[in-house]
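Please look at the sequence and the 3D model below before reading on.

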Amino acid sequence: MFADLKKQYRQSLKSMDTEEGIDLAFYRPIGFAWAYLFRKLGISPNAVTIVSIILGVAAGICFYYDSLAINCIGMLLLIWANSYDSADGQLARMTGQYSPLGRILDGLSGDLWFITIYAAICLREDTFSPFFASHPWLIWVIAAVTGVCHAKQAAMADYYRQFHLFFVNGKGGSELDRADELKHKVAQLSWRRDFWHKITQTFYTQYTVNQEAWTPAMQALRREIARKWPDGDFPPEFKARFRLLSLPLMKYTNILSFNWRTIALFTSLFIGQPWLYFMFELVVLNALLVYMMRRHERLCRTLIAEIKEGRYD
């Protein structure tokens, strides 16, 4: 029984290459317990995601109050929401219930959590230091810019993880898509017969288009791979080489994800300076994003050169 549960738990993970330490120690075991229960109850991954959205928004509302006790309740709710966010992906892998809608909802959940959190911080009385009190519009501008940066950080971190998983686990173990293929699928859908499906596919396609636009060298590598190995069966030595170069970058995608953001958020709340959280995202995480993207693009150019040199013939 225990051995079977352990096997199921390992199968519920994407890949040890892309898992983050805090997740493995805390969120993944809790998420698996939830996922195991939800599978027994017949609850879908999308339903779990929707509940996580409600919990995360409730957490954000708690951060509006200038009360550490209420803030701590919000922290617990946000941790609960993220355990469900972990559970929905683990449940999807356990049951094979993947869908573009699930991907959209999963991304939307984090966006809605943090939109609520940003608004709460802007409305808190203790946010208004003498400077912000005389320039009340400025905190909203900072929050809006931070939100745009947050969305880009999360999208690129997810894209790099999916690209890594594509080589580690193959197409079936990754959610990496191509914008041109998605556009073709959208064009085949009818607004009349497939309205909601077309809406979700259109948003997901645009999400992928934006990811590709920020990664020109990665797209060039994908084209070179398709030219060199049109059947998708690239040699083991190429996979090993990619993993060797890509694996050190996975720690940066993890830092750009949930855990380190919430550590910074909770710290800013404990010291009574919640606006400092915006500075963390704008300065620290943006610098990390730029560094990660530059290194990943250089990695892709290196692999393109090696393929053209015939290193993998």
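Glu20 is buried, with a relative accessible area of 9%; buried means under 20% relative accessible area, exposed means over 50%, and partly exposed lies in between, with a 1.4 Å probe and protein chains only. The model is predicted, so local features need pLDDT of at least 70 and side-chain atom pairs count only at pLDDT 80 or more, while totals for chains, interfaces and linings use all residues. Residues are numbered from 1 along each chain as its sequence is written, and side-chain values use heavy atoms, with hydrogens and water left out.

Helices here are DSSP runs of H or I with at least four residues, numbered from the N terminus. Sequence distance and distance in space can be set side by side for this residue: Glu20 and Asn259 are 239 residues apart in sequence, and their C-alpha atoms are 8.8 Å apart in space.

Ser268 is found in helix H13 and counts as buried at 3% relative accessibility. Between Ser268 and Pro45 there are 223 residues in sequence and 32 Å in space, C-alpha to C-alpha. Trp137 is found in helix H7. Is Trp137 buried or exposed? With a relative accessible area of 52%, Trp137 is exposed. The C-alpha atoms of Trp137 and Cys122 are separated by 9.5 Å, and the two residues are 15 apart along the chain.

Helix H13 (residues 258–270) also holds Arg261. Arg261 counts as buried, at 2% relative accessibility.

Next come the charged pairs. A salt bridge is a side-chain nitrogen of Lys or Arg within 4 Å of a carboxyl oxygen of Asp or Glu. By this rule the count comes to 11 salt bridges. In one of them, Glu224 pairs with Arg227, and the closest N and O atoms are 2.4 Å apart. Why are Glu224 and Arg227 separated by about one helical turn? The reason is that they are three residues apart in helix H10. Glu224 counts as buried at 10% relative accessibility, whereas Arg227 is exposed, with a relative accessible area of 54%.

Arg241 forms a salt bridge with Glu306, and here the closest N and O atoms are 2.7 Å apart. Arg241 lies in helix H11 (residues 236–246) and Glu306 in helix H14 (residues 276–308), so this pair ties together parts that are 65 residues apart in sequence. Glu306 is buried, with a relative accessible area of 6%. Elsewhere, salt bridges that share partners join Glu19, Asp23 and Arg28 into one network. Within that group, the side chains of Arg28 and Glu19 meet in a salt bridge at 2.8 Å, N to O, and both residues are buried.

Now turn to the aromatic rings. A pair of aromatic rings is described by the distance of the centres and the angle of the planes. Rings of Phe, Tyr and Trp (its six-membered ring) pair if their centres lie within 6.5 Å; planes under 30 degrees apart count as stacked, over 60 as edge-to-face and the rest as tilted. The structure holds 28 aromatic pairs. Why does the pair of Phe26 and Tyr27 count as edge-to-face? The ring centres of Phe26 and Tyr27 are 4.9 Å apart and the planes stand at 80°, so the pair is edge-to-face. Phe26 is partly exposed, with a relative accessible area of 37%, while Tyr27 counts as buried at 5%. Phe163, Phe166, Phe167, Trp229, Phe234, Phe238, Phe242 and Tyr312 form one aromatic cluster.

One of the cluster residues, Phe166, also lines the second largest pocket. A pocket is found on a 1 Å grid over the protein atoms alone, as an open set of points where a 1.4 Å probe fits, with protein on both sides within 12 Å along at least five of seven lines; lining residues have an atom within 4 Å of a point. The second largest pocket is lined by 16 residues, of which Phe166, Arg178, Arg222, Ile225 and Gly232 lie nearest its centre. Helix H7 (136–169) and helix H10 (216–228) each supply at least two residues of this lining.
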